[in-house]
Amino acid sequence: MPTEIPGVLLEVVTAGPNPYDPLDPVDSALDAIAAYFASLTGIADAERGWPERETDLDLSAGPVVTAAYAGHTRVEQSPDHIPGTSPPQWHAGLLTIDVQLDLWAAYRSQRDAAARIVEAGLQNSMPWRFGLLLTSRAYFGRPLTILATDGRNTDEPDAAAIGEWRRTWMLTVQTDLVVTTNTPSQTQILVRPTVDGTTYPDLELP
(Lines give C-alpha, C1' and ligand atoms only; values in the text may rest on other atoms or scores of the structure.)
Protein backbone atom coordinates (compact mmCIF):
# COMPACT_ATOMS: atom_id res chain seq x y z
CA MET A 1 0.00 0.00 0.00
CA PRO A 2 1.42 3.46 -0.88
CA THR A 3 2.77 5.56 1.98
CA GLU A 4 0.42 8.48 2.69
CA ILE A 5 1.60 12.07 3.04
CA PRO A 6 -0.44 15.08 4.22
CA GLY A 7 -3.36 16.01 1.98
CA VAL A 8 -4.28 19.25 0.21
CA LEU A 9 -7.61 20.97 0.85
CA LEU A 10 -9.28 22.12 -2.39
CA GLU A 11 -12.32 24.33 -3.00
CA VAL A 12 -14.59 22.90 -5.72
CA VAL A 13 -17.56 24.79 -7.23
CA THR A 14 -20.30 22.59 -8.69
CA ALA A 15 -23.68 23.18 -10.34
CA GLY A 16 -26.07 20.85 -12.12
CA PRO A 17 -29.73 20.39 -13.13
CA ASN A 18 -32.12 21.25 -10.34
CA PRO A 19 -34.98 18.71 -10.07
CA TYR A 20 -36.76 20.76 -7.41
CA ASP A 21 -37.65 23.90 -9.34
CA PRO A 22 -40.57 25.70 -7.61
CA LEU A 23 -42.41 26.53 -10.85
CA ASP A 24 -45.55 24.44 -11.38
CA PRO A 25 -46.28 23.36 -14.98
CA VAL A 26 -49.88 22.36 -14.15
CA ASP A 27 -50.77 25.75 -12.67
CA SER A 28 -49.12 27.53 -15.58
CA ALA A 29 -51.02 25.42 -18.13
CA LEU A 30 -54.40 26.07 -16.48
CA ASP A 31 -53.67 29.80 -16.31
CA ALA A 32 -52.72 29.84 -20.00
CA ILE A 33 -55.92 28.02 -21.01
CA ALA A 34 -58.12 30.36 -18.97
CA ALA A 35 -56.37 33.45 -20.36
CA TYR A 36 -56.77 32.21 -23.93
CA PHE A 37 -60.51 31.55 -23.70
CA ALA A 38 -61.08 34.85 -21.87
CA SER A 39 -59.62 36.58 -24.94
CA LEU A 40 -62.14 35.09 -27.40
CA THR A 41 -64.83 37.44 -28.68
CA GLY A 42 -68.20 36.21 -27.42
CA ILE A 43 -66.85 34.77 -24.15
CA ALA A 44 -67.46 37.11 -21.21
CA ASP A 45 -64.89 35.53 -18.88
CA ALA A 46 -62.75 32.44 -18.32
CA GLU A 47 -61.22 31.24 -15.08
CA ARG A 48 -59.84 28.27 -13.20
CA GLY A 49 -62.52 25.73 -12.28
CA TRP A 50 -63.06 23.42 -9.36
CA PRO A 51 -61.77 23.28 -6.69
CA GLU A 52 -60.31 26.77 -7.03
CA ARG A 53 -63.66 28.39 -7.80
CA GLU A 54 -65.56 28.87 -4.53
CA THR A 55 -68.25 31.32 -5.66
CA ASP A 56 -71.14 31.03 -8.11
CA LEU A 57 -70.50 32.06 -11.68
CA ASP A 58 -71.77 35.45 -12.79
CA LEU A 59 -73.43 34.83 -16.16
CA SER A 60 -75.08 38.25 -16.40
CA ALA A 61 -72.40 39.57 -18.76
CA GLY A 62 -72.45 36.51 -21.02
CA PRO A 63 -71.02 32.97 -21.30
CA VAL A 64 -68.21 31.92 -18.98
CA VAL A 65 -65.59 29.19 -19.51
CA THR A 66 -63.90 27.29 -16.66
CA ALA A 67 -60.80 25.08 -16.88
CA ALA A 68 -60.47 22.47 -14.13
CA TYR A 69 -57.58 20.12 -13.38
CA ALA A 70 -58.56 16.44 -13.80
CA GLY A 71 -55.24 14.62 -13.39
CA HIS A 72 -51.81 14.24 -14.98
CA THR A 73 -49.11 11.72 -15.89
CA ARG A 74 -45.35 12.23 -16.08
CA VAL A 75 -42.82 10.42 -18.25
CA GLU A 76 -39.36 11.38 -17.03
CA GLN A 77 -36.07 11.09 -18.89
CA SER A 78 -32.41 11.92 -18.36
CA PRO A 79 -32.01 15.71 -18.65
CA ASP A 80 -31.25 16.92 -22.19
CA HIS A 81 -29.89 20.45 -22.51
CA ILE A 82 -32.10 23.01 -24.30
CA PRO A 83 -29.81 25.13 -26.52
CA GLY A 84 -29.87 28.90 -26.16
CA THR A 85 -31.49 29.01 -22.71
CA SER A 86 -30.25 31.40 -20.03
CA PRO A 87 -30.02 30.34 -17.28
CA PRO A 88 -29.41 26.85 -18.70
CA GLN A 89 -32.44 24.58 -18.90
CA TRP A 90 -32.87 20.86 -19.60
CA HIS A 91 -35.74 18.77 -20.96
CA ALA A 92 -36.53 16.28 -18.21
CA GLY A 93 -39.53 14.48 -19.70
CA LEU A 94 -43.11 14.88 -20.89
CA LEU A 95 -46.11 15.99 -18.83
CA THR A 96 -49.66 15.13 -19.92
CA ILE A 97 -52.42 17.04 -18.12
CA ASP A 98 -56.14 16.20 -18.24
CA VAL A 99 -58.33 19.29 -18.09
CA GLN A 100 -62.13 19.59 -17.98
CA LEU A 101 -63.29 22.61 -19.95
CA ASP A 102 -66.83 23.80 -19.22
CA LEU A 103 -68.89 26.46 -20.95
CA TRP A 104 -71.66 28.05 -18.91
CA ALA A 105 -74.46 30.27 -20.17
CA ALA A 106 -77.75 31.60 -18.88
CA TYR A 107 -79.76 30.48 -21.92
CA ARG A 108 -79.66 27.48 -24.23
CA SER A 109 -79.36 29.57 -27.41
CA GLN A 110 -76.52 31.56 -25.82
CA ARG A 111 -74.71 28.35 -24.85
CA ASP A 112 -75.07 26.89 -28.33
CA ALA A 113 -73.70 30.04 -29.97
CA ALA A 114 -70.81 30.23 -27.51
CA ALA A 115 -70.06 26.51 -27.99
CA ARG A 116 -69.31 27.20 -31.65
CA ILE A 117 -66.85 29.90 -30.55
CA VAL A 118 -65.12 27.51 -28.12
CA GLU A 119 -64.92 24.71 -30.68
CA ALA A 120 -63.45 27.06 -33.28
CA GLY A 121 -60.94 28.23 -30.66
CA LEU A 122 -59.91 24.64 -29.96
CA GLN A 123 -58.97 24.06 -33.59
CA ASN A 124 -57.42 27.26 -34.90
CA SER A 125 -53.84 27.56 -33.69
CA MET A 126 -51.76 24.68 -34.99
CA PRO A 127 -50.31 24.93 -38.50
CA TRP A 128 -52.31 21.89 -39.57
CA ARG A 129 -55.46 23.44 -38.00
CA PHE A 130 -56.14 20.56 -35.66
CA GLY A 131 -55.88 21.21 -31.96
CA LEU A 132 -54.61 24.23 -30.07
CA LEU A 133 -51.08 25.46 -29.39
CA LEU A 134 -50.49 27.84 -26.46
CA THR A 135 -47.45 29.05 -24.53
CA SER A 136 -46.92 28.23 -20.86
CA ARG A 137 -45.52 31.66 -20.03
CA ALA A 138 -45.11 31.04 -16.30
CA TYR A 139 -43.26 27.77 -16.95
CA PHE A 140 -40.19 28.67 -19.01
CA GLY A 141 -42.30 29.68 -22.03
CA ARG A 142 -42.74 26.03 -23.03
CA PRO A 143 -45.35 25.11 -25.67
CA LEU A 144 -48.68 23.55 -24.69
CA THR A 145 -50.14 21.14 -27.26
CA ILE A 146 -53.87 20.71 -26.63
CA LEU A 147 -56.32 18.22 -28.13
CA ALA A 148 -60.02 18.08 -27.21
CA THR A 149 -62.78 15.49 -27.21
CA ASP A 150 -66.10 16.29 -28.80
CA GLY A 151 -68.19 18.50 -26.55
CA ARG A 152 -71.32 17.25 -24.82
CA ASN A 153 -74.20 19.12 -23.25
CA THR A 154 -74.70 18.30 -19.57
CA ASP A 155 -77.33 18.89 -16.88
CA GLU A 156 -80.03 19.35 -19.52
CA PRO A 157 -83.02 18.44 -17.27
CA ASP A 158 -82.08 21.05 -14.65
CA ALA A 159 -80.56 23.72 -16.88
CA ALA A 160 -83.67 25.85 -17.41
CA ALA A 161 -84.65 25.70 -13.75
CA ILE A 162 -81.25 26.85 -12.44
CA GLY A 163 -80.39 29.14 -15.34
CA GLU A 164 -77.07 27.42 -16.14
CA TRP A 165 -76.77 25.77 -19.54
CA ARG A 166 -73.51 23.87 -19.84
CA ARG A 167 -71.30 22.14 -22.39
CA THR A 168 -68.19 20.14 -21.47
CA TRP A 169 -64.99 19.12 -23.30
CA MET A 170 -62.09 17.05 -22.00
CA LEU A 171 -58.68 18.38 -22.98
CA THR A 172 -55.38 16.50 -23.22
CA VAL A 173 -52.55 18.96 -22.68
CA GLN A 174 -48.92 18.00 -23.31
CA THR A 175 -45.85 20.02 -22.36
CA ASP A 176 -42.20 19.57 -21.45
CA LEU A 177 -40.90 18.93 -17.99
CA VAL A 178 -37.98 21.30 -17.48
CA VAL A 179 -35.21 21.54 -14.92
CA THR A 180 -32.84 24.47 -14.49
CA THR A 181 -29.31 24.91 -13.18
CA ASN A 182 -28.77 24.64 -9.48
CA THR A 183 -27.30 27.63 -7.71
CA PRO A 184 -23.54 26.97 -7.78
CA SER A 185 -22.33 25.48 -4.51
CA GLN A 186 -18.83 25.52 -3.04
CA THR A 187 -17.51 22.32 -1.50
CA GLN A 188 -14.29 21.54 0.34
CA ILE A 189 -12.57 18.31 -0.72
CA LEU A 190 -9.42 16.95 0.87
CA VAL A 191 -7.13 15.40 -1.79
CA ARG A 192 -4.43 13.16 -0.33
CA PRO A 193 -1.40 12.49 -2.59
CA THR A 194 0.80 9.41 -2.23
CA VAL A 195 4.51 8.80 -2.77
CA ASP A 196 3.87 7.06 -6.08
CA GLY A 197 2.44 10.29 -7.53
CA THR A 198 -1.30 9.40 -7.51
CA THR A 199 -3.96 11.33 -5.68
CA TYR A 200 -7.37 10.37 -4.40
CA PRO A 201 -10.15 12.21 -2.53
CA ASP A 202 -9.98 11.41 1.13
CA LEU A 203 -13.14 12.96 2.51
CA GLU A 204 -15.72 15.64 1.70
CA LEU A 205 -16.51 18.42 4.12
CA PRO A 206 -19.86 20.28 4.02
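Reader: What makes Ser109 and Arg116 of α2 count as exposed?

Author: Happy to explain: Ser109 and Arg116 are exposed, on the other side of α2, and exposed means over 50% relative accessible area, with buried under 20% and partly exposed in between (1.4 Å probe, protein chains only). This is a predicted model, where local features need pLDDT of at least 70, side-chain atom pairs count only at pLDDT 80 or more, and totals for chains, interfaces and linings use all residues. Residues are numbered from 1 along each chain as its sequence is written, and side-chain values use heavy atoms, leaving out hydrogens and water.

Reader: Which residues of α2 are buried, and how do you know that they lie on the same side?

Author: Arg111, Ala114, Ala115, Val118 and Gly121 are buried in α2. They cover an arc of only 120 degrees around the axis, so they sit on the same side of α2; the arc is taken from the directions from the helix axis to the C-beta atoms.

Reader: What does Val118 touch?

Author: Leaving aside residues up to four places away in sequence, Val118 touches Phe37, Ile43, Val65, Leu101, Leu103 and Trp169; contact means heavy atoms within 4.5 Å.

Reader: What makes Phe140 stand out?

Author: Phe140 is not a glycine, yet has a positive phi of about 65 degrees. Most residues other than glycine have a negative phi.

Methods
Helix = DSSP H or I, 4+ residues; strand = E, 2+ residues; numbered from the N terminus.
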